[in-house]
Amino acid sequence: MAGEGQERLRKDAARWFARMRGPDAAAHRVAFEVWCAIPANLHAYQRLESRFEESKVLGASRLETLRWSPPPRRVPRATPWIAGLALAGCAVLAATAVLRPAGPAAAERQYVSAIGEIRTVALSNGARLVLDTDSRASSATKDGVIRVRLEHGRARLIAEDDQAVVAQAGTAEVRGRGASLDLTLTGPDGAQVTLLRGRAEVRPLTASRLMPARFTRLDARQPLRVDVEGRSRPVAPAPGEAAWPTGLRTFDRAPLSTVTSIANRYDRRQIRFADPALAKLELTGVFRVTETERLAKALAAAFHLTLTTPANGDLVLARPDA
């Protein structure tokens with residue numbers, strides 16, 4: 001029965017995926033966001049969307065990965081059947097180049113996302129890296145182990161089953177297998193790590209070389225914060241935060257100040273309040289925080305506010321009588 005349930009969930013996710021990319025997507029938006037409010041539905045849709053984004057990245061990078069060519073050398077004239085084998089060999093090498101970046105296996109590749117962009121990139125052996133808005137990370141694969149270093153912002157590392165990964169964010173080093181991880185930089189050298197799936201353990205990087213710190217096992221969906229001194233402590237998970245790669249957030253009586261602080265990370269234009277008291281109003285529901293102007297209009301309609309745009313392009317919410 002469990003298998004039938006998973007298959008039904010995959011089919012539902014596929015239908016929503018096609019529907020939300022069709023001409024009538026706007027008409028289905030509310031129903032779609034309600035459907036995504038159920039964690040199992042959201043996970044199925046997110047996995048499907050990640051696979052789609054991964055295929056786009058691989059397609060876009062095909063020409064770049066095939067750009068490498070060996071230095072010219074003199075080749076003796078070949079008979080037709082030898083030339084045919086040579087062309088077949090080139091085709092195999094080209095196909096391999098698409099799957100593996102040219103150069104040494106341990107060479108790092110840099111990935112960057114712009115403000116407002118949530119970017120999914122393909123790593124080796126089916127693993128994926130999702131960069132949140134305004135983020136930067138590097139990755140390399142050596143001896144079959146995927147190594148990722150978060151340099152700015154936030155990222156999600158998604159490994160295939162039983163795939164070995166090593167991740168670094170600030171003072172935290174994470175070692176896992178078949179793991180999906182959220183990595184967030186929380187300040188100068190500070191970091192937060194959340195295990196979503198698989199097995200993983202973490203240790204601080206500031207320990208003495210004479211007595212290296214031991215790895216501590218991560219509990220699923222329990223964020224662990226590691227500070228600049230290497231001290232670690234569990235923190236409360238933020239409701240709906242695990243869905244960030246979809247751009248959707250679930251709020252339960254959240255102050256508008258919390259809602260807008262999240263949305264403002266995805267746009268150079270900022271949602272502001274003409275009256276500071278408006279920041280204390282509470283919001284419940286599922287909203288797409290990556291579309292700042294649309295969210296501001298929704299907030300204005302929900303709380304009967306006016307929305308104005310000054311010369312700097314910000315979105316200012318105010319009371320009608322202000």
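Modeller: Let's start with a group: Asp132, Arg154, Glu241, Arg249 and Arg265 are linked in a network of salt bridges. A salt bridge here is a side-chain nitrogen of Lys or Arg within 4 Å of a carboxyl oxygen of Asp or Glu. The model is predicted, so local features need pLDDT of at least 70 and side-chain atom pairs count only at pLDDT 80 or more, while totals for chains, interfaces and linings use all residues. Residues are numbered from 1 along each chain as its sequence is written, and side-chain values use heavy atoms, with hydrogens and water left out.

Biologist: How many salt bridges does the structure hold?

Modeller: There are 23. One of them joins the side chains of Glu173 and Arg203, at 2.8 Å from N to O. This pair links distant parts of the chain, 30 residues apart: Glu173 lies in strand E8 (residues 172–187) and Arg203 in strand E9 (residues 190–204). Strands (E, at least two residues) and helices (H or I, at least four) are DSSP runs, numbered from the N terminus.

Biologist: Is Glu173 buried or exposed?

Modeller: We go by relative accessible area: buried is under 20%, exposed is over 50%, and partly exposed is in between, using a 1.4 Å probe and protein chains only. Glu173 has 17%, so Glu173 is buried, whereas Arg203, with 25%, is partly exposed.

Biologist: What does helix H7 pack on?

Modeller: Two strands pair if DSSP finds at least two bridges between them. Here three strands form an open sheet in the order E14-E17-E16, with mixed pairing. Strand E14 (271–273) and strand E16 (306–308) are at the edges with a single partner strand each, so one side of each has no neighbour in the sheet. Neighbouring strands are turned by 30° against each other on average, direction ignored. Helix H7 (residues 292–302) packs on this sheet and touches E14, E16 and E17; contact means heavy atoms within 4.5 Å. The direction of H7 makes about 5° with that of E17. Axes are lines fitted to C-alpha atoms, for helices over the stretch in contact, and angles run from 0 to 180 degrees between N-to-C directions.

Biologist: How many bridges join E16 to strand E17?

Modeller: Three, and the two strands run antiparallel. Leu307 stands opposite Leu317 in E17.
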